[in-house]
Amino acid sequence: EFIDTDASGSYEGGVVKVEKRMSNGLTLLFTYTYSKALFDSFAGNGANRLSDPFDARAEKGLAESDIRHRVTSSVLYELPFFRGQHGLAAQLLGGWQANGVFVGQTGMPIYPIQATEPIADGCPRCNPRPDRLANGNLSSDQRTLQRWFDTSAFKIAVGHYGNAGRNILSAPGLANLDCSLFKNFHITESKRVQFRWEMYNATNTPAFNAPGLTIGTGTFGQVTSSGVGRVMQFGLRYEF
């Protein structure tokens with residue numbers, strides 16, 4: 001048995017960046033990326049093998065890392081209360097800093113597979129794909145966690161290699177907001193203590209994982225898990 005893990009591909013994209021550098025205690029940064037990545041294998045990783053070991057050209061499709069739309073934005077704001085002032089009130093009520101980072105992106109490509117070999121071709125490490133009877137993708141208003149894509153659009157291939165292409169579906173996208181609030185206590189000109197309150201996934205928006213992709217299983221087309229929810233932590237930092 002010989003498995004070729006070579007891969008070739010292409011990436012094209014454009015980036016828009018808007019930045020407001022620090023002034024009056026405020027910094028803003030916004031980026032938008034539109035891109036498309038194509039590969040004829042899983043970038044040589046070897047984790048996902050061919051569906052048809054005799055037709056490597058059928059593997060060309062979107063890269064597993066393809067993200068068509070991605071937006072990022074960040075803000076840092078030193079609150080103006082008692083800024084530049086001294087004394088007890090300034091120490092207690094001043095020195096606050098609010099921060100936020102947002103990331104939003106469309107879902108990465110995925111594709112259905114089948115557990116049974118369509119042909120006894122001596123390639124047990126291959127990843128056979130089923131037949132594609134229809135598009136399979138659903139619009140955003142049709143998608144649910146129980147039916148992320150049209151499972152009826154696929155059929156187990158028997159006696160021939162399935163015609164479903166690689167990475168023809170999309171996993172759930174991502175929308176994540178991280179926030180933090182800092183309080184700085186200046187001890188000397190070069191020394192300070194910083195209290196930090198940090199929230200990851202502040203809106204507690206589920207980061208859903210890819211749906212079940214093995215045709216014939218009970219979870220085929222269903223999203224059954226997600227990433228970590230909101231996490232908060234407190235910290236104390238001494239800078240010198």
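Visitor: Which strands each supply at least two residues of the nonpolar patch, and which gives the most?
Guide: This is a predicted model, in which local features need pLDDT of at least 70, side-chain atom pairs count only at pLDDT 80 or more, and totals for chains, interfaces and linings use all residues. Residues are numbered from 1 along each chain as its sequence is written, and side-chain values use heavy atoms, with hydrogens and water left out. Strands are DSSP runs of E, at least two residues, numbered from the N terminus. At least two patch residues each come from β11 (192-200) and β12 (231-239); the most, three residues, come from β12.

Visitor: Is Phe-234 buried or exposed?
Guide: Phe-234 lies in strand β12 and is one of the residues making the nonpolar surface patch of about 610 Å². Buried means under 20% relative accessible area, exposed over 50%, and partly exposed in between (1.4 Å probe, protein chains only). Because its relative accessibility is 57%, Phe-234 counts as exposed.

Visitor: Why does Gln-97 count as buried?
Guide: Gln-97 sits in strand β5 (residues 96-105). Not counting residues up to four places away in sequence, Gln-97 touches residues including Leu-76, Tyr-77 and Phe-182, where contact means heavy atoms within 4.5 Å. Gln-97 counts as buried because its relative accessibility is 10%.

Visitor: How many residues has the largest nonpolar core?
Guide: A nonpolar core is a set of buried Ala, Val, Leu, Ile, Met, Phe, Trp, Tyr and Cys residues joined through side-chain atoms within 4.5 Å. Among the members of the largest one are Trp-148, Phe-149 and Val-223. The largest core has 12 residues.

Methods:
Helices (H or I, at least four residues) and strands (E, at least two) are DSSP runs, numbered from the N terminus. Patches are made of residues with over 30% relative accessible area and no salt bridge: like charges are joined within 9 Å, nonpolar side chains (Val, Leu, Ile, Met, Phe, Trp, Tyr) within 5 Å. Accessible areas come from the Shrake-Rupley method with a 1.4 Å probe; for residues, only the protein chains shown count as cover. A salt bridge is a side-chain nitrogen of Lys or Arg within 4 Å of a carboxyl oxygen of Asp or Glu.
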